Amino acid sequence: MRSKVTTLSEAIAAHVLDGACVALEGFTHLIPFAAGHEIIRQGRRDLHLVRMTPDLIYDQMIGMGCASRLTFSWGGNPGVGSLHRLRDAVEHQWPAPLAIDEHTHAGVAAAYSAGAAGLPFATLRGYLGTDLPSVNPRIRSVDCPFTGERLAAVPALNPDVTILHAQRADRRGNVAMHGIVGAQREAAFAARALIVTVEEIVEELPPAMNGIVLPHWIVSAVAQCRGGAYPSYVHDHYARDNSFYQRWDAIARERDGFLAWMNRHVLASRDHATFLASLREVA
Amino acid sequence: MSDWTRDEMMTVAAARQLRDGCICFVGIGLPSAACNLARLTHAPDVVLIYESGTLGTRPDVLPLSIGDGELADTAACVIPLPEVFGYLLQAGRVDVGFLGAAQVDRHGNLNSTVIGPYDAPRTRLPGAGGATEIAAHARQTFVMLKATPRSLVAQLDFRTSGGFLEGNGARARTSMRGTGPQSVITDFGVLQPHPASEELQLSALFEGTTVDEARAATGWPLEVAATVETIAPPTKIELETLRALHARTREAHRRPVRLPA
């Protein structure tokens, strides 16, 4: 059997094309920063980015001009404030106009679940009492055929590529993750291609009766990438760098400072290990 | 001169609203501090749920994000996100939703999306996250925010989460399952809905605060309830617990994280 194990740069080059719909998921935990940085290095453009919480990784990708569309449900720097690059794109179209497709967490979770199950849309008792349907034509309604209750409907999310970070994979490409798992499993099954970066690759994963395992036949590529979720975190490997999230507010506030930081730490680094080393130099 | 600040009083007043044993969905920021203060004082058996899927969590320090590892480490269990919003919230298994917001209007509707027009915002805020469905489906909600005429407004720029909508029973005519915002806790006191009009009115003041101050901090002509309670100042144990929690949190968030190698 052909191995799914490859390098991150090969996985991105093979699966993430200009104009693709790409979901880098991970709910605060396990955010695939290394993969996002590699997409920036490879200069992808016109991406439709999907994430419940854009977080710093999409702030960086949007600020570096990778995206033309964003589907999301909460776009802040958690506990800190704004994502300045996302705001600059929405408020001033810098560095490029960004179309937004805005939802609630419940709506995106349902849309991924529908996508994973191969259904055309999701229904939920949601988007009640909010103005969101008046600004997002994709939020519609459907009448329950049994009770007549009017429910919200959103189209299924089926990204061209979902990218995740996880604790472990085996050589066949089975992936195991634990801790806060967000909607990653749904985003994985909803995708046409799935790239996973992991802290370690083992010969064989132990049986995990009720654990979260992504089976190898839905995984397109696995790449080992230690520290690949930093400054987000990986349970049982390293903690979330809350002080970095706080510092990001000043780094990203102005365009020049943001570009200088990205040039020095992301573009000038050939891979994630070099990126982490460049941060150690300034620490 | 009191030995507590208005911000501390706001957190203490909010914490006192939580009954021991209730199932509480916690928003980040001010609500997170209040809910954990309740847990560490009068409500040891409150079940705190953060939208990251951490159920029954008992963090030693306040999380910066709703998904810090601290929340998972101290949780009774961690569940996937679609289950949080489907099986717990939408299915009606949450007693209290505790929310913050940038703006609240006279009928308890919340804005956390934009200031200015949606298509050309003056300030783009983070958006809905979990708030819209928490506001709809938790059996009741409590809202915390610092009061200014720009945060307590007559009219929202954008309605992210529904309170009593236009008031006068409008909410009850929708399929929102919860009863809506029963208390808005500010840094002068507490607003609660009028039973018929559902307009927020002043129901309690902190010690040393006046009706005039409350009116000056509110962007609509604030009505006063038939009786306005004076909220007892923080007890020694409440203040010590809150200050120690904040001190532990500051220390933890400052602690350098070793970069992964």
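Of the 283 residues in chain A, 54% are buried, a residue being buried if 20 or more other C-beta atoms lie within 10 Å of its own, exposed if 12 or fewer and partly exposed in between, with C-beta atoms placed from the backbone. The model is predicted: local features need pLDDT of at least 70, side-chain atom pairs count only at pLDDT 80 or more, and totals for chains, interfaces and linings use all residues. Residues are numbered from 1 along each chain as its sequence is written, and chains are lettered from A and ligands numbered from 1 in the order in which they are written.

Chain A contains 10 helices and 14 strands; helices (H or I, at least four residues) and strands (E, at least two) are DSSP runs, numbered from the N terminus. Its radius of gyration is 19 Å, close to the 19 Å that the globule rule gives for 283 residues, so chain A is as compact as a globular protein of that length. The radius is taken over C-alpha atoms, and the rule is 2.2 Å times the number of residues to the power 0.38. The C-alpha trace of chain A spans about 60 × 50 × 30 Å along its principal axes. Among contacts in chain A with a separation of 6 or more, 74% join residues 24 or more positions apart; a contact requires C-beta atoms, placed from the backbone, to lie within 7 Å.

Leu49(A) gives a local view. This residue lies in strand E2 (residues 47–50) of chain A and counts as buried because it has 25 C-beta neighbours inside 10 Å. Beyond its neighbours within four places in sequence, Leu49(A) is in contact with Val22(A), Tyr58(A), Met61(A), Ala67(A) and Leu70(A).

Further along chain A, helix H9 (residues 255–267) and helix H10 (residues 272–282) pack at an angle of about 125°, with their axes 8 Å apart. Axes are lines fitted to C-alpha atoms, for helices over the stretch in contact, and angles run from 0 to 180 degrees between N-to-C directions. H9(A) and H10(A) are therefore oblique to each other; angles under 35 degrees count as roughly parallel, over 145 as roughly antiparallel, 65 to 115 as roughly perpendicular and the rest as oblique. Arg264(A), His265(A) and Val266(A) of H9(A) make the contact with Phe275(A), Ser278(A) and Leu279(A) of H10(A).

In chain B, an open sheet of 10 strands with mixed pairing has the order E4-E3-E2-E1-E5-E10-E12-E13-E14-E15. Two strands pair if DSSP finds at least two bridges between them. Strands E4 (77–78) and E15 (224–231) of chain B are the edges, each pairing on one side only. Strand E13 (residues 189–193) of chain B has 4 of its 5 residues buried. E13(B) pairs in the antiparallel sense with strand E12 (residues 181–185) of chain B over 2 bridges, and a hairpin joins E12(B) to E13(B) through 3 residues. E13(B) also pairs in the antiparallel sense with strand E14 (residues 200–206) of chain B, over 5 bridges. The hairpin of E13(B) and E14(B) has 6 residues between the strands, and Glu198(B) there takes a positive phi near 65°.

Finally, the two chains meet in a contact that takes 46 residues from chain B and 53 residues from chain A. Helices H3 (69–73), H4 (81–90), H5 (131–137) and H7 (236–254) of chain B each supply at least two residues of the side that touches chain A.
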